[in-house]
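Student: I would like to go through this model with its definitions at hand. Where do we begin?

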Amino acid sequence: MKEIELVRIYDHEQPDGYRILVDRLWPRGMSKVRAHLDSWDKQIGPSSELREWFNHEDEKYPEFKEKYFKELDQNPYTAEFLADVKAHLAKENVLFLYGAKNKKCNQAVALKEYVLNHLH
């Protein structure tokens, strides 16, 4: 099985792989051509309420992650998303693209953990 990699969509160096934008909102200033996406799975992103509450405040990250995992457990799209990621991982790396500046505390980091916990 290949790997899930986290990539900030604005980074100049972009590894190869199946490119999934996991943000609910389109990244500001990014053209669709430059984004070069294979998929935009906005349904898998955190709810607007949760995203606004979190506000990228590092101290809220543990609670954000817990709440986001609950949302993912209840999201009717999660099973389809997991199946899609698993299918692509069989043949290539999967890139979770996100726009957040913080590379350690964001929804893509949490989503990768969630997916890895549910793929095995």
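Student: Which residues does Phe81 touch, not counting residues up to four places away in sequence?

Tutor: Phe81 touches Ile20, Val22, Asp41, Ile44, Phe96, Leu111 and Val115. Contact means heavy atoms within 4.5 Å. The model is predicted: local features need pLDDT of at least 70, side-chain atom pairs count only at pLDDT 80 or more, and totals for chains, interfaces and linings use all residues. Residues are numbered from 1 along each chain as its sequence is written, and side-chain values use heavy atoms, without hydrogens and water.

Student: What makes a set of residues a nonpolar core?

Tutor: Its members are buried Ala, Val, Leu, Ile, Met, Phe, Trp, Tyr and Cys residues, joined through side-chain atoms within 4.5 Å. Buried means under 20% relative accessible area (1.4 Å probe, protein chains only). The largest such core here has 29 residues. Phe81 is one of those that touch the most other members, as are Ile20, Val22 and Phe96. Elements giving two or more residues include strand E2 (18–21), helix H4 (78–89) and helix H5 (107–119). H5 gives the most, with seven. Helices (H or I, at least four residues) and strands (E, at least two) are DSSP runs, numbered from the N terminus.

Student: How many of its residues count as buried?

Tutor: Of the 120, 42% do.

Note on methods: Buried < 20%, exposed > 50% of the residue type's maximum accessible area, 1.4 Å probe, protein only.
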